[in-house]
Structure formats: C-alpha cells, structure tokens
Amino acid sequence: MITDFYGSQILDGTGSQALSQILKFNKSVLCSLAAVILYLKEFNLEKILYNPSNFKKLSSEDEYMMLNGATLKNLEILRNQTDMKTKGSLFCILDHTKTSFGKRKLKKWVTQPLLKSSEINSRLDAVSEILFSESSVLGQIMSLLYKVPDVERGICSIYHKKCSVQEFYLIVSTLSNLETAVKALVPAVQVQVRASLLRKSLLEIPELLSST
C-alpha cells in the first residue's frame, strides 16, 4: 500500500526520496499512514501526504504560545479597551490583508504566537520578502490570489453539502485556474524566491491542486 502510493511518484522522478524517508518509519506508523491514505482517498485529498517534510512528530512540546482571554484583552490583541472595537488593536495595526482567508490566518498568527526562534525567523524572512522584494513573480502571484474567492469557506460548504451549484462551480474553476497559473510560474519561483518557507509554500500550490 505505502510502496504503491509513493511508488507512483517515482515514475515521475519525484518520489524516490519521499519513499526512502517513509520506509524509515516504524511498523505502527506505517500502518497508521496506510489507514490515513485510504481515508483521504475517499475525499481525493491524499496528495497532501506526498511530501514527508510536512509530517510532524507527535510531541507534548507546545508549538504556539497559549494566550487566554484575559491576556488577549489586556494586551489589546484583537480589540482596544476603550470601546472594545478593532481599531487601535494590534490586529488592526498589522492587518493589511487583501482576502478574507488571509485575514483569518493573520488573526490566528497574532493570537497563537510561535515559540521556536527558527520558525519565527522563517516567518519573518517570508514576510520581509513579500514586503520588500522586487521579484516580478511575487507580484504576479499576489495578483492571482487577490482575485480568489473565499475558498476555505467554499470548500467547507461543499463538504457539508450546503453549497449551490454556482458556488461549487466557482470554487472548482477557481482552484483549477489557480493551479494552471501558478504551475506556469514555478520556474520563476525556484529562481527568484529566496525565503525557504515562502518558496516551499508557493511550490506546494500546484502540487496540492493537481488533478493527476
């Protein structure tokens, strides 16, 4: 099962390293992975398992700082303490997002700060490159993403069978067009984008959206 799943990538010249990493796992992990692959195949989501670098070891160590309600209020993370509105809060100052799903991601970042310095620096490098890079490919990708509807909520609506035919078509066609457009920019991303986290995230877009 595992060999067949990752072996299909080897035929494309992309999976030999992934398979060698996977086969180093102990038997119980491999059995669990096989079960997850079968489950995700029911939803056509198994491609997210192609890249073992996305796997994280289960640990009791916290990945994020846990901020309780009192801390969020006292530090005015999401709302100011004068009139309890967003204006004047840390989130308001940092929020220059262009999409609704980008706004939700930023909100998660400010309410769940990273703990590891390496991850903090990786994120800073990625954000700095977006802000200050003169790379043409980043501008092209941002232009593409500005036009994307709220895919996150759309997929959730599709999953719960609450979307209309028009909404379903919009989400599916958007993802298909995005995959094609970003795939054409992959060579430029590999050359022009320096921040490892940003480059990795951009290169994963066509892989995750690919229908093959």
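These notebook entries record what I looked up in one predicted model.

**Entry 1. Ground rules**

I number residues from 1 along each chain as its sequence is written, and I take side-chain values from heavy atoms, with hydrogens and water left out.

**Entry 2. The chain as a whole**

I looked up the secondary structure and found twelve helices and zero strands. Helices here are DSSP runs of H or I with at least four residues, strands are runs of E with at least two, and both are numbered from the N terminus. The C-alpha atoms fill a box of roughly 60 × 40 × 40 Å along the principal axes.

I then looked up burial, where buried means under 20% relative accessible area, exposed over 50%, and partly exposed in between (1.4 Å probe, protein chains only). Of the 212 residues, 28% count as buried. I also looked up contacts, meaning heavy atoms within 4.5 Å. Among contacts between residues at least 6 apart in sequence, 58% join residues at least 24 apart.

**Entry 3. Helix α6**

The twelve residues of α6 should span 16 Å, and the end C-alpha atoms are 17 Å apart, which agrees.

Which residues of α6 are buried? I noted Gly102, Leu106, Val110 and Thr111. They cover an arc of only 160° around the axis, which puts them on the same side of α6; the arc is that of the directions from the helix axis to the C-beta atoms. The buried residues of α6 pack against α4 (69-74) and α5 (90-94).

**Entry 4. Helix α7**

I made the same check on α7 (residues 117-132), whose 16 residues should span 22 Å; its end C-alpha atoms are 22 Å apart, in agreement. The buried residues of α7 are Arg123, Ala126 and Glu129. They lie on the same side of α7, because their arc around the axis is only 125°. I recall the general point that an α-helix has 3.6 residues a turn, so residues three or four places apart point the same way.

Against which helices do the buried residues of α7 pack? I listed α6 (100-111), α8 (136-146), α11 (186-192) and α12 (196-209). On the face of α7 turned away from its buried side, I noted the exposed residues Ser117, Leu131 and Phe132.

**Entry 5. Domains 2 and 3**

The chain is divided into domain 1 (1-54), domain 2 (69-111) and domain 3 (134-210), with bounds from an automatic or database domain assignment. The centres of domain 2 and domain 3, taken over C-alpha atoms, are 25 Å apart. Five residues from domain 2 and eight residues from domain 3 take part in the contact.

I looked up the buried area, which is the accessible area (1.4 Å probe) that two parts lose on being put together, summed over both. Between domain 2 and domain 3 this comes to about 490 Å², with 52% given by carbon and sulfur atoms. On the domain 2 side, Lys98, Phe101 and Arg104 lose the most area to domain 3, together 80% of what that side buries. I counted two salt bridges between these two domains.

**Entry 6. Salt bridges**

A salt bridge here is a side-chain nitrogen of Lys or Arg within 4 Å of a carboxyl oxygen of Asp or Glu. The structure holds five salt bridges.

In one of them, the side chains of Arg104 and Asp150 meet at 2.7 Å, N to O. This pair links distant parts of the chain, 46 residues apart: Arg104 is in helix α6, and Asp150 is in the loop between α8 and α9 (151-159). Arg104 is partly exposed, at a relative accessible area of 25%.

Asp150 also meets Arg153 in a salt bridge of 4.0 Å. Arg153 is exposed, at 56%. I found Arg104, Asp150, Glu152 and Arg153 linked in a network of salt bridges.

I looked up the pair Glu204 and Lys200, whose closest N and O atoms are 3.1 Å apart. Both residues lie in helix α12, four residues apart, about one turn of the helix. Is Glu204 buried or exposed? Glu204 is buried, with a relative accessible area of 15%, whereas Lys200 is partly exposed at 33%.

Methods:
This is a predicted model: local features need pLDDT of at least 70, side-chain atom pairs count only at pLDDT 80 or more; totals for chains, interfaces and linings use all residues. The expected span of a helix is 1.5 Å times one less than its number of residues.
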